[in-house]
Amino acid sequence: MEYTSLPQALEALEKLQSTMAAYNHAMGVLSQDAATAAPAGSWEGRGRTMEVLTKAAYDLTADPQNGVLYDYLQAHVWELTPIQARELEVLKKDYDRMRRIPAREYVDYSVLLNDADAAWHKAKPANDFAAFAPYLEKIVAYCRKFAGYYNPDLDPYDALLNEYEEGMNQKTLDAFFAQLRGTIVPLVEKISRKPQIDDSFLMRHYPVERQRSFSDYLMETMGIDRNYCGIAETEHPFTNNFNNHDVRITTHYYENNLVPSMYSVIHEGGHALYELGADDCYNYTVLSGGVSMGIHESQSRFYENIIGRSRAFVHAIFPYIQSHFPEQLTGVTEEMFYRAVNKSQPSLVRTEADELTYCLHIMVRYEIEKALIAGTLEVKDVPQRWNELYKEYLGIDVPNDKEGCLQDSHWSGGGIGYFPSYALGSAYGAQMLDRMEKDLGDVFGDVAKGDLSRVTAWLREHIHHYASFKKPGELFREVCGEFDAKYYTDYLTKKFTELYEL
Ligand code: ZN
C-alpha cells in the first residue's frame with residue numbers, strides 16, 4: 001500500500017505503535033505474572049501464548065509495509081513534529097535491524113537463550129562451569145554475529161554496548177573505568193587497615209510481615225503513588241513498566257537481614273519514579289519508558305545510594321525504623337545505623353556489594369566480555385581470568401565458580417554489553433547531584449526532613465518527563481554538560497574518607 005497524504009501516514013504510524021504497545025503490554029503482564037503470582041505448574045499454557053504473541057510482535061515489527069510507511073515519512077520529515085520525527089527514528093532503527101537478522105537465526109538464538117537459561121540454572125548450584133561453557137560459547141558467537149546486524153559500522157563490542165547505552169563505546173569506558181579504579185582501589189586498600197564497622201544488628205531477626213509494612217513506608221516516603229505502582233516478591237528484585245500509570249516493582253525479604261529488601265525497595269522505587277514521571281504524551285508509543293539502561297540505573301542508584309545511604313535520609317527515617325523494629329534496634333543510634341548501611345568490604349557477590357566496591361565487580365565483567373567478543377579470551381578460560389581480576393581489583397580469592405563467574409544471569413540471557421550501564425548510572429547520578437545542588441541549594445536539608453518532593457520534581461523536570469524522547473547522551477549533556485567521572489570519584493572519596501577517617 002502506498003501513502004498519498006501525510007495525515008494518512010501519521011494515522012498508520014499511530015496505529016502501528018499502539019498495536020506494538022498492546023503486544024508489549026500483554027507479554028509484559030504475562031511475564032510479570034510468571035515471576036510473581038502464577039502457580040509453578042502453569043508454564044505450559046503461558047509458553048504457548050507467549051510463542052504466539054512473540055511471533056505476532058516480530059511479524060508486526062518486520063512487516064515490509066512498515067518500510068513503505070517509514071520511507072514516506074522520511075521524505076516528509078521536515079513536516080513532522082519533533083516527537084513524530086524521533087518516533088520514526090526509533091522505529092526505523094528497529095526495523096532495519098530486524099530486517100538484517102535472518103529470521104532463522106533470530107528463532108535459533110531465542111531457542112539457544114532459552115536452553116542456556118535452563119543450563120545456567122542447573123550449572124550454578126552445581127558449581128559446574130564446564131556444563132554451562134558450551135552455551136556461553138554459542139552465545140558469544142551469536143553476539144559477535146548479531147553485533148554486525150545491529151550496527152555494521154561499529155566494532156562488535158561497541159555495537160553491543162549501544163544496545164544498552166546508545167552512543168557508548170570502549171574508548172569512553174576504558175578511560176572511565178581506569179579513573180574509577182585509580183580512586184576506588186586505593187580507598188578499599190586504606191579501609192582494609194581501619195577498624196571495621198559493626199553491622200551485626202542488621203542481621204537480627206526481622207519478621208517478613210514487619211518488613212512488608214516497612215516497604216510501604218519507604219514507598220510513601222519516596223512519594224510513589226500506590227494507585228499506579230504495585231509491589232510483589234520475587235527471587236531477584238526488578239521493575240516492570242507498562243505505561244506511566246502502571247509500574248510494578250518487586251523485592252525479596254530475608255528474615256535475618258534488614259538491608260537487602262530495604263535498599264531493593266529504594267532502588268526499584270527509583271526505577272519506578274522514572275517510569276511514573278514520564279509525560280502522558282509518550283504512552284502507547286515507542287518513546288514510552290526510560291531511554292537507556294544507564295539513565296535508568298542513574299535514577300535507581302541515585303535514590304538507593306546518594307539519597308538512601310545518606311546521613312540526611314537515615315536521620316529522617318530512623319525514628320520510624322526504630323519504632324517499627326524496637327526489639328531488634330535497642331541501643332542502636334542513628335549514627336550506628338548510618339555507618340552500618342555504608343559498611344564497605346570487598347566481597348564475592350555483586351548484588352550484595354557495598355556502594356564503594358560495587359563498580360569493581362562491574363569492571364571484572366567488562367574486561368571479560370570485552371575480551372570474549374574481541375576473541376582474545378576463550379570461554380574455557382573465563383573462570384581463571386575472573387579469579388585473577390577479583391584478586392587484582394578486590395584483593396580477594398574466589399573459592400568457586402558458583403560465587404564467581406556463574407553468579408549472574410546476564411550472560412546466559414545474552415546480555416553481553418549490559419553490565420557497564422550499572423557503573424555509568426552510578427557516575428551519572430553523582431554528576432546530576434552536583435547540578436541539582438546548584439539549582440536547588442540545600443538538597444540534603446530537604447532529605448533530612450524526609451521531604452523528597454523537590455529532588456523528585458527536579459529529576460522529573462530534567463529526566464523522567466522525557467521518557468525516550470531524547471537520546472541518553474543528549475539528555476545527559478543538556479542537564480549536566482559533558483560527562484565527567486570526577487563527580488563520582490570525588491563523591492566516593494569524600495564519603496568514605498569521612499566514614500572511615502582515612
Ligand atoms: Zn536497577
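**Close-up 1. Arg-309 and Glu-304 join side chains in a salt bridge, 3.1 Å from N to O.** A salt bridge here is a side-chain nitrogen of Lys or Arg within 4 Å of a carboxyl oxygen of Asp or Glu. Arg-309 is buried at 9% relative accessibility. Glu-304 is buried too, at 12%. Buried means under 20% relative accessible area, exposed over 50%, partly exposed in between (1.4 Å probe, protein chains only). The model is predicted: local features need pLDDT of at least 70, side-chain atom pairs count only at pLDDT 80 or more, and totals for chains, interfaces and linings use all residues. Residues are numbered from 1 along each chain as its sequence is written, and side-chain values use heavy atoms, leaving out hydrogens and water.

Close-up 2. Glu-209 is exposed at 54% relative accessibility. Arg-212 is partly exposed at 30%.

**Close-up 3. Asp-397 pairs with Lys-391 in a salt bridge of 3.3 Å, N to O.** Asp-397 is exposed, with 56% relative accessibility. Lys-391 is partly exposed, with 43%.

**Close-up 4. Arg-86, Glu-89 and Lys-471 are linked in a salt-bridge network.** The structure holds 30 salt bridges.
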